[in-house]
Amino acid sequence: MDHFGYRDSVLHCEHVPLPEIAAAVGTPVYVYSTATFRRHAQVFRDALSAVPRVHLAYAVKANPNLAVLRVLAGEGYGADVVSAGEMARALAAGMDAKDIVFSGVGKTVDELARALDAGIGQFNLELEEEGEVLGMLAVQRGTAAPAVLRVNPDVDAGTHAKISTGRRENKFGVAIDHATEMYARLAEVDGLSMRGIAIHIGSQLLDLAPLEAAYERIGRLVADLRRFGHFISRVDLGGGLGVPYKPGDAPPSPADYGAMVARVTRDWDVELMFEPGRVIAGNAGVLLTEVVWVKPGAVNPYVIVDAAMNDLARPAMYDAWHDFAAVRPTGARMTANIAGPVCESGDTFAMGRDIDHVARGDLAVFRTAGAYGAAMASTYNSRALVPQVLVDGDRFAVVADRVGAETLIAAERVPDWLR
Ligand code: LLP
């Protein structure tokens, strides 16, 4: 459920009509609903109420905007970060370093050192050598780094290949068959304080079965590790829960997910950690855009909007579907292709889709764009970096500026020899 809806035939975010935001900020622009973020944060937490010890670490990559992080910090969430940049954001948003988990397959030595200095609560190790380096850095600082080992359970998440992470051939985690020996070696490394296991098998999962299979494997691994005398106090179950993007999508509800987790992990006796991203942010945002032209096409007309693949990359990258809706629908429909202004055919949001009838100058939205939308935006074609607005009840604020060509050009240099 989200807080975007029609009132007097005009699409609103909470109590703010979207045309008001377009007039004040221009388009394209991401619009986020505070109430939706809060609701999703609460629903996810409530879904896990049967689990005794839970730590919630919002996956910053889904939507790293500072104001969004601030809302989630207010809901008691920590953060899952994958770079020093994301760590800086989580800290700047007021999250406690102890509540931050540092994941990622390519943490640099410098990033590890900075995270140690910041007092990050958990390092999710991806390989043995990383653990050795982290231990050495911790010893130099007279401390011990709290760490878990990310395991690759070799489970097919059944999602898009580019966002599947738990198959043997993926770059993430260590093979579950080698996890016991590797854990034993890491447990001996000075400066490391090994606490348990982490997994994350993929994103936009529409079925609980692969998650359950992966969790069961992890349960057996935890029991094995304990049999060998290892101390296991945490298991990080990652993120991955899908959201509905198009009519007919039926992802498992957070409640179903929570019930499965409670059942599978009943005897684990650990603190369970979660890294939800999309399920918190997805439906909390739309990309508001204006129709630039309606251009006749070979089969269907092209609705050319002022948002493009640089603003919302998901359709071009993953063939993802984002619902398209007019801000002031008339009731009339049309079959059209929807595309942006960028100079490649991949800059197409939909082909031959039945949509609200729109004409030049009309406002429309791509829905479910709160996760991996602005987060993945670029300035390709020297288009401005898309701005972001946060709505709260009847007020709204620009929470990320439109960064235009002037600013981007000002950060570039022409060397002396070319002057
Ligand atoms: N934890 C780890 C270690 C992850 O790699 C991810 C996402 C998450 C948590 C959060 O997963 P979520 O709950 O959001 O599914 N750009 C792609 C999604 C990439 C996801 C990468 N990892 C997209 O737009 O679909």
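Predicted model: local features only at pLDDT ≥ 70, side-chain atom pairs only at ≥ 80, totals over all residues.
1. Overall make-up. The protein comprises 12 helices and 21 strands. Its radius of gyration is 23 Å, close to the 22 Å given by the globule rule for 419 residues, so the protein is as compact as a globular protein of that length. The C-alpha trace spans about 70 × 60 × 40 Å along the principal axes.

2. Burial and surface. Of the 419 residues, 56% count as buried. The protein exposes about 17,900 Å², and carbon and sulfur atoms supply 51% of that area.

3. Contacts along the chain. Among contacts between residues at least 6 apart in sequence, 70% join residues at least 24 apart.

4. Helix α3 covers residues 66–74, and its buried residues are V68, L69, V71 and L72. Seen down the axis of α3, these buried residues fall within an arc of 155°, so they line one face of the helix. An α-helix has 3.6 residues a turn, so residues three or four places apart point the same way. The face of α3 turned away from the buried side carries the exposed residues R70 and G74.

5. The ends of α3. Just after α3, G76 adopts a positive phi of about 85°.

Methods: Residues numbered from 1 in each chain as written. Heavy atoms only, no water. Buried < 20%, exposed > 50% of the residue type's maximum accessible area, 1.4 Å probe, protein only. Helix = DSSP H or I, 4+ residues; strand = E, 2+ residues; numbered from the N terminus. Arc of directions from axis to C-beta. Rg over C-alpha atoms; globule rule 2.2 N^0.38 Å. Contact = heavy atoms within 4.5 Å. Areas by Shrake-Rupley, 256 points an atom, 1.4 Å probe, with all protein chains shown as cover.
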